[in-house]
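Dear colleague,

My notes on it follow directly after.

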Amino acid sequence: MLLMKKYKQLTSEQRYAIYLGLENGDTQRTIASLIGVSPSAVSRELQRNKDKRGGYSWRLAHEMAMERRERLPGNRSTPERITEMLEAPVYFTDPYSAWQKGSIENANKLIRQYIPKGASFKDYPPDRLKRIQHRLNERPRKKLDFNTPKVEFYKQLM
């Protein structure tokens, strides 16, 4: 029976060594032996992370690898796991089912009165966002018997 090694991602140090090896003109095979991985791992790393001009940036390659790691199926939180961690029930809606998430859709509608859809919150200074937040929290809501969210929040604390 053939045993396969568990795949491990390259470390930032290994990626930096690849970069230095390329700068020195070393072959992929030489670089691989220096960092203790197979030549195919170095080849795969270079193919996956080269920029538009064919260059290799070890920092960018490492950032992209960390993003890919987060997207792996085993790294996603399930509703059950989130419920367990928060010790509170959590519900997920179906995609494109706005009727299942009424309150957040209503909140989004209120926010859109101040920030247009497609705009980034990064484009707004923090003091402007605070003013918007204040206006929304001071706005009476029918669902709250025309109290403000702020009043209802402090009622829960008492």
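Asp145 lies in the loop between H7 and H8, where helices (H or I, at least four residues) and strands (E, at least two) are DSSP runs numbered from the N terminus. Its phi is near 55 degrees, a positive value in a residue other than glycine. At 67% relative accessibility, Asp145 counts as exposed; the classes are buried under 20% relative accessible area, exposed over 50% and partly exposed in between, with a 1.4 Å probe and protein chains only.

This is a predicted model, in which local features need pLDDT of at least 70 and side-chain atom pairs count only at pLDDT 80 or more, while totals for chains, interfaces and linings use all residues. Residues are numbered from 1 along each chain as its sequence is written, and side-chain values use heavy atoms, with hydrogens and water left out.

A positive phi is also found at Glu87, about 55 degrees, although Glu87 is not a glycine. Glu87 sits in the loop between helix H5 (79-86) and H6. With 74% relative accessibility, Glu87 counts as exposed.

Glu138 belongs to the loop between helix H7 (126-137) and helix H8 (149-157). Glu138 counts as partly exposed because its relative accessibility is 33%. Leaving aside neighbours within four places in sequence, Glu138 is in contact with Thr148 and Lys150, contact meaning heavy atoms within 4.5 Å. The side chains of Glu138 and Lys150 are joined by a polar contact of 3.5 Å. A polar contact is a pair of N or O atoms within 3.5 Å; within protein, one must be able to donate a hydrogen and the other to accept it, and residues adjacent in sequence count only if both atoms are side-chain atoms. Thr93, by comparison, is 45 residues from Glu138 along the chain, and their C-alpha atoms are separated by 28 Å.

Helix H7 also holds Leu136 and Arg128. Leu136 is buried, since its relative accessible area is 12%. Apart from residues up to four places away in sequence, Leu136 touches Leu110, Ile111, Tyr114, Arg141 and Pro149. From Leu136 to Pro149 there are 13 residues along the chain and 8.3 Å between the C-alpha atoms. Arg128 counts as partly exposed, with 26% relative accessibility. Arg128 and Glu63 are 65 residues apart in sequence and 32 Å apart in space, C-alpha to C-alpha.

Which residues line the second largest pocket? They are Ser103, Asn106, Ala107, Leu110, Ile111, Leu136, Arg139, Pro140, Arg141, Lys142, Lys143 and Leu144. On a 1 Å grid over the protein atoms alone, a cavity is a set of points where a 1.4 Å probe fits but cannot get out, whereas a pocket is an open set with protein on both sides within 12 Å along at least five of seven lines; lining residues have an atom within 4 Å of a point. The space in this pocket is about 280 Å³, with grid points joined across faces, edges and corners and the volume taken as the space filled by probe spheres set on the points. Helix H6 (residues 102-112) gives the largest share of the lining, five residues. By type, the lining has six nonpolar, two polar and four charged residues; Ala, Val, Leu, Ile, Met, Phe, Trp, Tyr, Cys and Pro count as nonpolar, Asp, Glu, Lys and Arg as charged, and the others, Gly among them, as polar.

The domain assignment of the protein chain gives domain 1 (12-70) and domain 2 (80-157), the bounds coming from an automatic or database domain assignment. The C-alpha centres of domain 1 and domain 2 lie 43 Å apart.

Two residues of helix H3 (residues 39-49) deserve mention: Asn49 and Glu45. Asn49 is buried, with a relative accessible area of 5%, and Glu45 counts as buried at 5% relative accessibility. Beyond four places in sequence, Asn49 is in contact with Gly55, Tyr56, Ala61, Met64 and Arg68.

Finally, Ile35 is found in helix H2 (residues 28-35) and, at 16% relative accessibility, counts as buried. Not counting residues up to four places away in sequence, Ile35 touches Gln14, Ala17, Ile18 and Val42. Ile35 and Arg15 are 20 residues apart in sequence, with 9.1 Å between their C-alpha atoms.

Yours sincerely
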